[in-house]
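Have the model open as you read.

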Amino acid sequence: MIRRLPLYKLLISLLCLGFLSSLWFYPVDTLSKTIVDDSLKEAVIVFGVAKGLNAAISMAQGTQITAIPGFIIAIGEALDPLNDLVEQFSWVMLASITSLGIQKILSNIIVGNLYTILLVGSVAIFNLWLYVRFRDDQKIRSYFMRFVTMLFLRIAIPLMAVANIYIYEHYVKHDYNIEKTQMAVSQSSQELQAINSATATPNKGFWDSVSEKFDTAFYKQKLAHYEQIATHASENILNLMVAFIFKTIVFPLIFLFLLYKIASSLIRFERYL
């Protein structure tokens, strides 16, 4: 049986010693912290761009054109679908920022001195129990689960950030480039602001403005411009939603689920010790 093989226990002890030694030379910690910080800054910037677009849309919706006395046209209402999409996107970004914030807090906790001391203590108790049995053996066995849980968190959180950025760079970025898409959304916001300014303060003479407002082509041109901006902005916002939902919500959950399965297998291994 496995419990009769002292070399097996020795191998476990050597693995534990190697793991504890690697904590002081673990480059993944620094790399994961940088990745989470950069992702959090990126999400905050994109959220700001979305709010800027929302403000431009609200201004456009509030812009009214008086064609003739008593007849007012609100062309900006064509942006209502885009406004609804931006509102939904804002909630997605809040969830993404929250997810990244939680990851950052957990990263700070697991690399702290208190967590390291608790982890080293759990490893010491576990290894002592491997070779010295006690009367209350079942109580000591409970430390095995704590040890596996703490080890799971210590490895999973930094690796999750590194694996996340690897998947994004190699499999997601080609179709859903956050940086380029965010710049496109920002450009749409600037275009809307330019239209709003031109509508509010036309650079034409009085008679030109009057004759223009009686021309249906004037309204068709404004409406077409709004629809074009709305179409491009909607496509880019949807791409950003896909990228951030996968990067900050879906992938972390999948990764943690897989590591949880591995940790559960290790906990079941306790019966053989």
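## Asn-54 and its partners

Leaving out residues up to four places away in sequence, Asn-54 touches Asn-83, Val-86 and Glu-87. With Asn-83 there's also a polar contact between the side chains, at 3.0 Å. Keep in mind that this is a predicted model.

Where does Asn-54 sit? Its place is in helix 2, which covers residues 27-62. Asn-54 counts as buried because its relative accessibility is 11%, and the cut-off for buried is under 20%.

## Ile-57, also in helix 2

Ile-57 is found in helix 2 too. Is Ile-57 buried or exposed? Its relative accessibility is 0%, so Ile-57 counts as buried.

Who's around it? Setting aside neighbours within four places in sequence, Ile-57 is in contact with Leu-79, Leu-82, Asn-83, Val-86 and Leu-192. There's a C-alpha distance to note here as well: Ile-57 and Asp-80 are 23 residues apart along the chain, and their C-alpha atoms are separated by 8.3 Å.

## The nonpolar cores

In soluble globular proteins, nonpolar side chains tend to be buried together. In this model, the largest nonpolar core has 32 residues. The ones with the most contacts inside that core are Leu-53, Leu-79, Leu-82, Phe-89, Leu-192 and Ile-237. At least two core residues come from each of helix 2, helix 3 (80-110), helix 5 (137-172), helix 6 (178-200) and helix 8 (216-268). Apart from this core lies another one, of 14 residues, including Leu-20, Ile-110, Met-150 and Ile-157.

What does Leu-53 touch, not counting residues up to four places away in sequence? The list runs to Val-86, Val-185, Ser-188, Ser-189, Leu-192, Ala-233 and Ile-237.

Leu-7, Leu-10, Leu-14, Leu-17, Leu-128, Tyr-131 and Val-132 make a nonpolar surface patch of about 700 Å². The elements giving two or more residues to the patch are helix 1 (6-22) and helix 4 (113-131). Which helix gives the most? That's helix 1, with 4 residues.

Tyr-131, one of the patch residues, lies in helix 4. With a relative accessible area of 46%, Tyr-131 is partly exposed, because that class runs between the cut-offs of under 20% for buried and over 50% for exposed.

Definitions and conventions
Residues are numbered from 1 along each chain as its sequence is written. This is a predicted model: local features need pLDDT of at least 70, side-chain atom pairs count only at pLDDT 80 or more; totals for chains, interfaces and linings use all residues. Side-chain values use heavy atoms; hydrogens and water are left out. Patches are made of residues with over 30% relative accessible area and no salt bridge: like charges are joined within 9 Å, nonpolar side chains (Val, Leu, Ile, Met, Phe, Trp, Tyr) within 5 Å. Accessible areas come from the Shrake-Rupley method with a 1.4 Å probe; for residues, only the protein chains shown count as cover. A salt bridge is a side-chain nitrogen of Lys or Arg within 4 Å of a carboxyl oxygen of Asp or Glu. Buried means under 20% relative accessible area, exposed over 50%, partly exposed in between (1.4 Å probe, protein chains only). A polar contact is a pair of N or O atoms within 3.5 Å; within protein, one must be able to donate a hydrogen and the other to accept it, and residues adjacent in sequence count only if both atoms are side-chain atoms. Contact means heavy atoms within 4.5 Å. A nonpolar core is a set of buried Ala, Val, Leu, Ile, Met, Phe, Trp, Tyr and Cys residues joined through side-chain atoms within 4.5 Å.
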